[in-house]
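I opened the notebook to work through the model piece by piece. The entries below follow the order in which I looked things up.

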Amino acid sequence: MAITALIIFSWTLIGIAMVVLSAYAVRHYYLAYSRMRIAHPRETNELVGFVMPRITVFIPMHNEERVARDVLQALVDCDYDWELLEVIPVNDRSTDGTRAIVDDFARRYPFIKPYHRAEGSGGKPAALVEATVNASGDIYLMFDADYVPGRAVLKMLTAPFLDPEIGAVMGRVVPHNIGDSLLSGLLSLERSAGYQSVQQARYNLGFTAQFGGTVGGVRAAALRAVGGWNPESLTEDTDLTFALLLNGWRTAYVNRAECYEEVPQDWGVRRRQLSRWVTGHTECLHNYWPDLVRARFLTRGEKWDAIFLLAMYLTAPIIVLGWLASLVLFFVPEAHAVPVLPIAMLIIGYQLFSNQATFLEIGVATLLDGTRLRALLMPLSLLNFFANTGAICNALRKFYWNRFWGSGGDGWYKTHRTRPGSDGQGFGLNQAPTGAARQSLNGLYHANNEGVGD
Amino acid sequence: MLFLVYSVCFLALFYLHFSLAHRAWITIRGKRSSELDMSYVRLEDYFGQSFRRKLKQWLSTLPAASNSTANLRVYHHGQERIFVAPTVQYPSGRVEKELLVAEGAFSCGNNCDFRREVMVHGDCSIGEGTALQALAVDGALSLGEAVTIRRWVDAAGKLSIGADTAISSRATSRTAIEFLPGAYAQSLFAPEISTEGRNDDSPPLSTTIGPVLQIPHRPDDPQTAHHGFDPQKLFSMGGGTYAYEGDLDVTTPLHLRAPLVARGHFSCAKESLLEADLKAHRNITIGPASVVKGNLVCDGDMLLKPDVYFQSILQPEGTMRLSFGVRGLREKLPVAAHATGALTLESNIVINGKVSSAHRVIAISTPLAWLQPNSARA
């Protein structure tokens, strides 16, 4: 009797896993296909420079002396009108030389207005809550301290706000340290698929893009309308995306607003980063799913898309449970009484169908980006997959354990920086020279003869 | 022994799955991505400026060829030749395969074919039916009828684009662009863009004072549907922005005072005033002689009826049509109208800024009916 129950239970688990994962696979195929199919993706590139609201750029900093100069100098070199620009480096209780660097820039550039924070709870959301009080812009843009925005990124990120329905905007992050370790190489593929394929496809299809908290921004009025940043959330960006969505605001995605980032180089750092994302995401799922289901502003497709997005980390334990159930059925002789061949064919077919789905997204992204060499790393993504599955399961176990016992979860964890910094010279790439002549007039006519691209 | 052979074969087969990845990783290891151009800034006249800069650099560094004369200097740049002449006049029907630089004026007859770029430091006149690769002019430029520009055209002076002329990419001028019927381009950018039949006399102001609908409505306004507006369908998104559920077809002049998202079609009657941004999930139609101060965005088609005056940005995901007498102008920044579908410009349009389309911008003659007195405002 017990054996029969175990067999039925195992088959049920496998069935659930196959249904859920097939649904996600269909979604992956659909997004990848739609990304390739649409000739003119939804974008505002042609209107860059014509939308010039007053903006405030926040740069949360906690012990960032190695990279602070780079990001501040990059913002100084941006082609946004200084009269309409305010930069607030949020020095969050730094104990290194961050404060001195920030103050030095503030002395030289009047639009840099540092906010020094000496006490209060830690983490980016808490720091942003306080710093926002001092902001005067109509649009708030955010960059992490280790990011170096290109000269046109501010204009690109503000262009979508010409649409009054756009509450937030998200640019694209591009890993710079692709060759530092196998993990960073594999993460570059993951990022590429996440932005070039998935974010752009979802935006093209009319779904809200996901605000990522950096290389992005939010309309000040919309932020106030949803009650500001959520300092309790570990992923204040995801939290904000869905708070905005429930109030009728959309998040735009600007694929061309690219910014380099440093991805984790070792699995320990990656595991902690993933753990924070998993916890924050799943928390948002629990907080928002009832409202999403009832939301008057959303179509049925948008509701499904939002739920799929928030529940994506739950697929990891479902996969593991499916594996365990398969092992049970393999080792229990009584389970072999069923017609093995058709079932085996079904499972093999499912594996072929589902496993290729995410690879297709990566393939589409590398094709569009023209990074074919990196695409060859794809088979090694299996390593990333297994590591991610373990880290996600562990994070979810901790999350539900803490939730069940009512104990506090993990706090904010600052991702370890590996970049040495270059004293305001960017990454040593083709960044415009320091003090480059800013564009004149409306920034639309050629004003200097420095490197320009198209 | 057999087990060992099997094991080795199995491991070799297993490695084969990853061999390409392994080789790729060996190539990538230690490298940093450099695919982003950090110095990129968007410039509307980038093509013309970039070409001028490269040409200037080549001419200042390359020696003139030995077969140069006083009237024609020849430079060799790789496989291509650059001809430099003080002034250039081509008869009709000539085919030119070299890169040309005219230090003075340039003109050509009809049906010529220039296979490479042309740079003109003076004024320039292009005959009917001529085809060019790309053209940069420091003076005024006149393109005759049915000219074909395979890539871009840029002029520092006034650019006149003749009827039925086709420009595959961008047309830019630092002074003004005149865009005649049947001509098309992907985008036009100039301090002033006009179409045929320009008439700067102001349209007569309306003397009729009818009811004006305000959105958001005042507390003392009727709470039942009136003039195509149902207050029950309007709700706040917060932050001073409103959403309207369903189609909003206002049949009386509208005064839009706050940003609005119409979750359906939107249309307003003549002489409306839209002071704030407007988004519609379907089509937008703006009544004649209205004033649009906020941006207009829609997921469908957009139509601005005659004599509309806009001071903002227009962006439909579908097609856009700017009717007879539309004006686009604002202080400090140029205006812009960009459509994902075709953008049609009727007669007597003046826009200070940019018109562009992912498909094409085309000028047409306004049907005669529109030109009858007062019919446009009917």
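I began at one strand pair: A:Pro149 stands opposite A:Cys259 in β8(A). For names I use DSSP runs, numbered from the N terminus: helices are H or I of at least four residues, strands E of at least two. β5(A) and β8(A), the latter residues 250-261, run antiparallel and share two bridges. Strands count as paired if DSSP finds at least two bridges between them.

Before going on I noted the ground rules. This is a predicted model, in which local features need pLDDT of at least 70, side-chain atom pairs count only at pLDDT 80 or more, and totals for chains, interfaces and linings use all residues. Residues are numbered from 1 along each chain as its sequence is written, while chains are lettered from A and ligands numbered from 1 in the order in which they are written.

**Sheet of chain A**

I traced the strand order next. The sheet is open, has eight strands and reads β3-β2-β1-β4-β7-β6-β8-β5 in chain A, with mixed pairing. Its edges are β3 (115-117) and β5 (148-149) of chain A; each has a single partner strand, so one side of each lacks a neighbour in the sheet.

Then I looked for helices on the sheet. Helix α3 of chain A (98-108) packs there, touching β1 (55-61), β2 (85-92) and β3 of chain A, and makes about 165 degrees with the direction of β2(A). Helix α6 of chain A (182-204) also packs on the sheet, touching β6 (166-175) and β8 of chain A, at about 150 degrees to β6(A). Axes are lines fitted to C-alpha atoms, for helices over the stretch in contact; angles run from 0 to 180 degrees between N-to-C directions. Contact means C-beta atoms, placed from the backbone, within 7 Å.

**Domains of chain A**

How is chain A divided? Domain 1 takes 2-37 + 312-405, and domain 2 takes 45-297. Such bounds come from an automatic or database domain assignment. The two centres, taken over C-alpha atoms, are 31 Å apart. I found 26 residues of domain 1 of chain A in contact with 25 residues of domain 2 of chain A. On the domain 1 side, α1 (2-37), α12 (340-369) and α14 (381-405) of chain A each supply at least two residues.

Chain B has domain 1 at 46-175 and domain 2 at 213-377. Their centres, over C-alpha atoms, lie 40 Å apart.

I then turned to the contact between the chains. Chain B gives 53 residues and chain A gives 59 residues. Helix α1 of chain B (2-28) gives the most on the chain B side, with eight residues.

**One residue in chain B**

I checked B:Arg73, which is found in strand β1 (73-77) of chain B. Is B:Arg73 exposed, partly exposed or buried? B:Arg73 is partly exposed, with 18 other C-beta atoms within 10 Å. The scale is 20 or more for buried, 12 or fewer for exposed, and partly exposed in between, counting other C-beta atoms, placed from the backbone, within 10 Å of the residue's own. Not counting residues up to four places away in sequence, B:Arg73 touches B:Ala64, B:Ser68 and B:Val84. The C-alpha atoms of B:Arg73 and B:Pro86 are separated by 9.4 Å, at 13 residues apart along the chain.

Conventions:
Contact = placed C-beta atoms within 7 Å.
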